[in-house]
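Q: Please take a close look at one part of this model: the open sheet and its surroundings. Walk me through them in one connected answer.

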Amino acid sequence: MRALYNTCMSIDADNKKKSDKSWPGGKVEWDNIETVLLDMDGTLLDLHFDNHFWLTHVPKCYAEKHDLSHEEAHQHLMCRYTEVRGRLDWYCVDFWTRELSLDIEQLKHDLAEKISIRPDVVAFLSWLNENDKRVVLVTNAHPASLNLKMGKTKLHVHFDKIINAHDIGLAKENEGFWEKLQHEEPYKKERTVLIDDNLEVLDSAHEYGIKYCLGIRQPDSQGDVISSEKYAVIDAFKDIILP
Ligand SMILES: [Mg+2]
């Protein structure tokens, strides 16, 4: 659920500007990499599902449920989202079900046909598997969303482990997350790459000492392009695979 906030609500102006910077292929020192930590929404999956869900579908359902105009519902929800942003509740299906009196899990199932895998992802994951990298999904998504998306995409077959931030008790962007992750999945910071479309998550991981932190240039196929002065952003996964 971090998804929608990444491209629609929380990206700084600097991060929204267009960039013609392309990923300098070969800079990931794959021989040095043991562990690959991968985000789900906006990194492996098109963020458009989440953005459409939270910014269009939920406001529509909220307006109907509470007899509000679409504009009133939209304004109310944007304020509520802003209040909760950056906390684990932000990603919690149960929290929003209670807060909005809507069956969020069911609403997600209703739109499941919109869940889609980003380009090159399956080939990239297969390449990592073939090259004996430890491949770990690390997501802030609530277990209900994670299960829905893995069931729909079948990407779970590529992961050595799937870790949910709700089990850690912190969101990935929160201080202490990457240290606590070591208890669930021991990893060497200098031999790990993290790929995540959320720049705040990359900051948190970078500050902890994860050596390779990469972003995603266009997490939502219908949304803004992201650039960063600090992190390389990937246009296509095929650009970082060794021939
Ligand atoms: Mg993400």
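A: Helices (H or I, at least four residues) and strands (E, at least two) are DSSP runs, numbered from the N terminus. Residue numbers start from 1 along each chain as its sequence is written. The model is predicted: local features need pLDDT of at least 70, side-chain atom pairs count only at pLDDT 80 or more, and totals for chains, interfaces and linings use all residues.

Start with E34. E34 sits in the loop between α2 (13-16) and β1 (35-38). E34 counts as partly exposed because it has 13 C-beta neighbours inside 10 Å. The cut-offs: buried means 20 or more other C-beta atoms within 10 Å, exposed means 12 or fewer, partly exposed lies in between, with C-beta atoms placed from the backbone. Leaving out residues up to four places away in sequence, E34 touches K133, R134, K188, R191 and T192. Contact here means C-beta atoms, placed from the backbone, within 7 Å. D132 is 98 residues from E34 along the chain, yet their C-alpha atoms are separated by 8.2 Å.

Now the sheet. Six strands form an open, parallel sheet in the order β3-β2-β1-β4-β5-β6. Two strands pair if DSSP finds at least two bridges between them. The edges are β3 (161-164) and β6 (232-234), each pairing on one side only. Strand β2 (residues 134-139) pairs with β3 in the parallel sense over four bridges. In β3, I162 is the bridge partner of L137.

Key:
Contact = placed C-beta atoms within 7 Å.
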